[in-house]
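Subject: The structure for you to look at

Hi,

Here is the structure I promised to pass on. Have it open while you read, and I'll go through what turned up.

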Amino acid sequence: MKFLFRSLLILLSIIPLILAAQDYYKILGLDKSASPKDIKRAYRTLSKKWHPDKNPDNPAASDKFREVAEAYETLSDDEQRKIYDRYGAEGLKKHQQGGQGGGHHDPFDLFSRFFGGGGHFHGGQRRGPNMELNMPISLHDFYTGGQREFQIEKQQICEHCEGSGSADGHTETCAECSGRGVKLVKHMLAPGIFQQMQTICNKCNGQGHVISKPCKICGGAKVKKDTVTLKLDLEKGTPNHAQMVFENEGDESPDWVAGDVLINVIQMEATGEVDPTNDEEVKHGKTDGMFFRRKGNDLYWKEVLGLREALLGDWTRNLTHLDGHVVKLGKKKGITVQPNFVERIKGEGMPIYQKDGEFGDLVVEYEVILPDLMDSGMRKDLQEVFDKWHKKKGEKLVKDEL
Ligand SMILES: *[C@@H]1O[C@H](CO)[C@@H](O)[C@H](O)[C@H]1NC(C)=O
Ligand SMILES: [Zn+2]
Ligand SMILES: [Zn+2]
């Protein structure tokens with residue numbers, strides 16, 4: 001037993017040596033200019049990705065999980081990061097051996113500092129509540145896809161006391177309930193008739209222990225409200241009302257595994273408010289009331305033609321698409337377009353979700369606007385044209401044609 005313990009110690013001291021040679025920035029997918037926020041975000045994402053609970057069939061995952069924790073611990077500490085930046089992993093190691101703290105914590109402890117749940121996803125623990133939010137997204141963004149950062153306010157485990165609630169890390173057994181968390185209370189129902197009831201201890205809130213020196217930051221609550229930044233990866237052609245899941249990003253508590261943040265992406269009404277600070281949206285807002293409308297993978301567009309264009313052809317339009325490329329519409333001389341004519345242009349609709357390079361159709365609906373004959377003074381001229389055709393072909397035929 002003693003031998004085993006000793007060899008375990010040796011092993012444990014060797015592991016950091018091997019890992020110390022790693023590039024901490026690379027492990028977190030960052031470069032040297034990364035902000036503390038970037039480092040935190042990278043840790044949140046990667047620690048969940050490589051958590052052994054999530055990768056039961058991948059033994060390499062727990063090494064990755066450990067590496068990510070180590071990289072985070074080093075880079076999130078200003079002083080350690082400075083030393084690491086200047087002298088590398090070896091320099092940092094020497095510095096730590098010089099007695100300036102250092103060494104690495106259990107990666108599961110670090111994980112639980114972020115997400116609660118005792119460092120694990122599974123194991124029948126209580127789950128915190130999910131958080132569900134609607135996020136308005138422009139049709140333009142559904143078309144082009146892209147990343148978007150957003151912030152949520154949520155309950156986070158207090159970093160100062162690491163979720164203990166205590167300033168010095170000590171807790172004491174609750175004197176009121178002797179650590180049981182519950183008390184027996186006697187109620188008198190009638191003279192001489194008592195009922196005994198078990199209630200949750202109000203002194204310790206059922207915890208069984210109390211904190212004599214509460215943490216200055218969270219006041220003993222173990223958690224505090226904070227704002228975190230999340231990054232939404234919107235894929236091209238994502239369906240309207242799709243739900244994106246950010247696992248374990250909900251309210252944190254030492255008492256539960258954090259729930260999920262659920263983001264419903266909802267297309268902003270095309271006819272609604274256009275964000276005047278966003279050039280793209282103004283451009284596609286088409287203030288004359290023209291908008292692309294989406295139906296599944298297809299886009300709909302209404303194009304207006306004048307009487308002459310509709311009757312005689314010989315017109316072109318440069319339709320600016322959602323990402324700025326131009327779709328040419330037009331008819332040659334002599335080609336008539338009937339009112340409400342519908343043209344289907346293959347491949348100019350929405351990108352099809354998760355099918356790279358495939359697109360739906362663009363459906364163009366033509367509307368013909370008649371000139372105001374009174375204002376334009378065209379009435380007399382047109383009358384002559386029609387009269388001439390009446391004589392030439394007979395009234396019935398002309399009526400059918402025009
Ligand atoms: C459309 O764009 C082309 C250049 O690509 C230009 O020659 C043409 O005049 C434009 N047509 C219209 C109707 O604006
Ligand atoms: Zn605290
Ligand atoms: Zn108690």
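What you have is a predicted model, in which local features need pLDDT of at least 70, side-chain atom pairs count only at pLDDT 80 or more, and totals for chains, interfaces and linings use all residues. Residues are numbered from 1 along each chain as its sequence is written, chains are lettered from A and ligands numbered from 1 in the order in which they are written, and side-chain values use heavy atoms, with hydrogens and water left out.

**Glutamate 249**

Is glutamate 249 buried or exposed? Its relative accessible area is 4%, so glutamate 249 is buried. You'll find it in the loop between strand S8 (243–246) and strand S9 (261–267); helices (H or I, at least four residues) and strands (E, at least two) are DSSP runs, numbered from the N terminus. The side chain of glutamate 249 makes a polar contact of 2.9 Å with that of lysine 48. A polar contact is a pair of N or O atoms within 3.5 Å; within protein, one must be able to donate a hydrogen and the other to accept it, and residues adjacent in sequence count only if both atoms are side-chain atoms. Beyond its neighbours within four places in sequence, glutamate 249 has contacts (heavy atoms within 4.5 Å) with residues including Arg44, Phe115, Ile152 and Asp260.

**Helix H6**

Next, helix H6 (residues 107–115): seven of its nine residues are buried, so the helix is largely enclosed by the rest of the structure. Among those buried residues are Pro107, Leu110 and Phe111. They pack against helix H3 (36–49), helix H4 (60–75) and S2. At the start of H6, aspartate 106 has a side-chain oxygen within 2.9 Å of the backbone nitrogen of phenylalanine 108. After H6 comes glycine 116, with a positive phi near 70°.

**The zinc ion**

Which residues hold the zinc ion (ligand 2)? Cys158, Cys161, Cys215 and Cys218 coordinate it through their SG atoms, at 2.3 Å. Donors here are N, O and S atoms within 2.8 Å of the metal (3.2 Å for Na, K and Ca), and water is not among the atoms, so sites may look incomplete. In sequence, the donor residues of the zinc ion follow the spacing C-x2-C-x53-C-x2-C. Cysteine 158, in the loop between strand S2 (146–157) and strand S3 (172–173), and cysteine 218, in the loop between strand S6 (209–210) and strand S7 (223–234), are 60 residues apart, and this pair links distant parts of the chain. Both cysteine 158 and cysteine 218 are buried.

**Two positive phi values**

Asparagine 205 is not a glycine, yet its phi is positive, near 60°. It is found in the loop between strand S5 (193–200) and S6, and is exposed, with a relative accessible area of 63%. Glutamine 354 also has a positive phi, of about 60°, without being a glycine. It is in the loop between strand S14 (342–345) and strand S15 (362–369), and is exposed as well, at 53% relative accessible area.

Terms used: Buried means under 20% relative accessible area, exposed over 50%, partly exposed in between (1.4 Å probe, protein chains only).
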